[in-house]
Amino acid sequence: MEKPLQTTNIPQVKDIKDIIDAVQNVSEKFGLVSLERQLEATQTLLSQNPPIDVAVLGQFKAGKSSFLNSLLGQNVLPVGVIPVTTAITRLQYGEEERVTVLLFDGTTISVPLANIASYTSEAQNPDNKKNVAIVDIERPSLKKYAGLRLVDTPGLGSVYKYHQSTAQNWLPEVGTALLAISADRPLSEHDLTLLSELTAHTPNIIILLTKADLLSAGQQNEVINFFRQTMQKELHRELPVYLYSTKTDTARYQKIIEREILKISANRDFEFLRILRHKTRFLVKSAMGYLHVALNSSLQADQQKENLRAQIINEKVNETIIREELMIIARENQQQTRPLIQTYLEQFAGPLAQKARTRLARELAGWKGNLWKLTRRYEDWVSRIMSEEMSNLSKTEHHNFYGTLKKAHASFSRSIEVFRQLLSANIEQVLGAKLADVEWEIEPPQPDQPDIAFTKSFDIHLDLIWFLIPMFIFRKLFERHFIKGLHREVEINISRLAYQWEKRINYAIDSMRNQAITYVQKEITTIEGLLSQTKGKTEEIRQLTVLLQNLSDNLAA
Ligand SMILES: Nc1nc2c(ncn2[C@@H]2O[C@H](COP(=O)(O)OP(=O)(O)OP(=O)(O)O)[C@@H](O)[C@H]2O)c(=O)[nH]1
Ligand SMILES: [Mg+2]
């Protein structure tokens with residue numbers, strides 16, 4: 001971490017407020033939608049002066065919640081071997097123990113500490129169906145961390161895309177980041193991306209190598225050195241790296257990391273300003289990138305504007321074309337969904353029918369009664385067995401149904417990437433200005449498991465005249481009929497399962513297409529806004545740029 005600077009060298013809250021107001025002004029004037037989230041987070045920090053959020057971030061299962069539990073000396077947060085944490089959870093000092101769940105609609109609920117898992121764990125709150133925005137835990141035992149909030153976040157990179165977006169959306173709020181990485185895993189591309197994203201949000205990043213007990217002392221040193229070198233090479237930065245284990249030597253590791261955290265708490269006001277200043281500097285930098293585009297466009301003679309616009313939003317970079325391309329990608333993949341799932345599932349029809357036949361043959365012998373009773377019993381039996389088998393099949397095999405979802409995701413991403421490259425290249429060629437890099441990723445939604453409901457599909461009507469049929473003569477015949485019918489039941493149910501998954505997967509493809517279209521629209525609107533609003537505004541933009549430049553020079557002091 002950087003050495004603390006003299007407080008007198010850094011701009012105070014009032015100055016930062018002026019800068020943020022200036023960015024807000026520029027953002028409104030030029031419709032800079034992509035700055036909104038960070039701007040809002042910074043304004044909230046400034047106006048509310050909340051405790052510093054010391055956030056534990058990282059891949060799923062890195063041991064984030066376990067680390068916080070260990071620091072607290074009590075198992076407060078749910079942990080597990082599969083992705084667990086589903087909602088942002090903040091822990092801070094309070095005179096009395098209190099847990100408040102804040103929902104997205106603004107309502108708050110007070111719950112006992114023992115019940116937090118029902119809001120923060122994937123098992124009890126799958127996909128955050130309870131709409132939890134944040135869980136706040138106050139405890140008297142956290143007195144030593146006064147001025148801070150320790151924040152547990154959902155893991156990145158898990159199959160639950162919801163977790164990913166929750167943690168990602170929360171990044172602008174980060175005060176100090178503890179990036180948890182399992183010591184027995186090599187540093188991943190995801191961690192490096194997260195690190196570089198984090199540098200936009202905080203000056204304080206600490207690497208926490210968790211599960212140190214899985215390595216020998218020699219290996220631990222090797223890993224620490226490897227991390228130090230990689231940070232230097234990839235990010236040109238030195239970051240503090242600490243080991244941690246909740247299993248062995250915990251007290252020793254804890255002392256060291258606790259000291260780091262307590263340093264922040266002891267210098268809370270100073271650190272708070274430093275973080276705010278960092279976030280503001282990043283905001284100014286992004287805003288200046290956009291102003292640069294606006295300035296270059298404004299410098300062109302007004303009569304050339306239309307011309308300019310036509311060159312940038314040209315026949316390759318325009319909404320209609322991209323929209324069409326995205327439609328075609330969606331349609332082509334959606335047409336393939338059903339046949340792919342159906343073909344895949346067909347391999348199970350034979351063995352399933354065979355299994356059902358064996359079971360039925362065994363159980364039939366015990367069934368008593370006339371044809372009407374026998375038929376009802378058969379229906380119930382098939383209904384139960386098919387629901388059971390289809391449910392199992394759905395649970396164990398659904399990973400094999402995602403072919404078209406994955407293909408569509410890759411094609412959408414490529415399409416958008418090409419769109420952004422063409423747009424950037426046009427802007428650079430026409431205006432000589434570079435677009436600020438905006439990370440954009442399509443979130444592939446995770447389809448739900450269908451409810452397997454068996455609907456009757458019998459075409460035996462003979463049972464209605466059961467009183468005419470002497471069972472002692474015909475029973476064997478009907479038994480054979482039932483057993484023979486099983487193959488068809490299996491086929492019908494497999495078809496239904498394929499249909500249910502087709503609907504879900506195609507819906508997910510549509511939702512990705514909509515995400516992509518929204519992105520394209522936003523981007524084109526921003527650029528068109530920049531091009532059209534700048535007529536005759538050269539002087540104003542120049543002044544704004546100079547203003548932001550001066551302000552950011554102050555920040556760099
Ligand atoms: N060996 C070892 N295992 C650990 C340690 N810390 C955590 N684990 C195990 O790692 C697994 C994941 O722990 P969690 O704390 O749930 O991980 P998380 O990062 O919060 O996971 P998500 O909330 O799903 O993102 C659990 O099975 C823990 O028992 C450690 O220090 N050593
Ligand atoms: Mg967790």
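Which residues are the closest to ligand 1, and how many surround it? In this predicted model, 22 residues surround ligand 1, and the closest are Ser65, Ser66, Val79, Thr85 and Gly155; a residue is taken as near a molecule or strand if its C-beta atom, placed from the backbone, lies within 6 Å of it. Before going on, let me say that residues are numbered from 1 along each chain as its sequence is written, while chains are lettered from A and ligands numbered from 1 in the order in which they are written. Because the model is predicted, local features need pLDDT of at least 70 and side-chain atom pairs count only at pLDDT 80 or more, whereas totals for chains, interfaces and linings use all residues.

Staying with the ligand, helix H3, residues 64-72, gives the most to the shell, with three residues; helices (H or I, at least four residues) and strands (E, at least two) are DSSP runs numbered from the N terminus. The shell divides into eight nonpolar, nine polar and five charged residues, where Ala, Val, Leu, Ile, Met, Phe, Trp, Tyr, Cys and Pro count as nonpolar, Asp, Glu, Lys and Arg as charged, and the others, Gly among them, as polar.

Now to confidence: the mean pLDDT of the protein chain is 84, and 88% of its residues reach 70 or more, pLDDT being the predictor's confidence in each residue, from 0 to 100. Over residues 1-10, however, the pLDDT is below 50, and this stretch has eleven contacts in the model beyond near neighbours in sequence, a contact being two residues whose C-beta atoms, placed from the backbone, lie within 7 Å. Where pLDDT is low, predicted coordinates should not be read in detail.

Let me turn to one residue, alanine 180, which sits in strand E7, residues 176-182. Why does alanine 180 count as buried? It does so because it has 27 C-beta neighbours inside 10 Å, the rule being 20 or more other C-beta atoms within 10 Å for buried, 12 or fewer for exposed, and partly exposed in between, with C-beta atoms placed from the backbone. Leaving out residues up to four places away in sequence, alanine 180 touches several others, including Lys64, Phe67 and Thr210.

Finally, the chain as a whole has 15 helices and nine strands, and of its 557 residues 36% count as buried.
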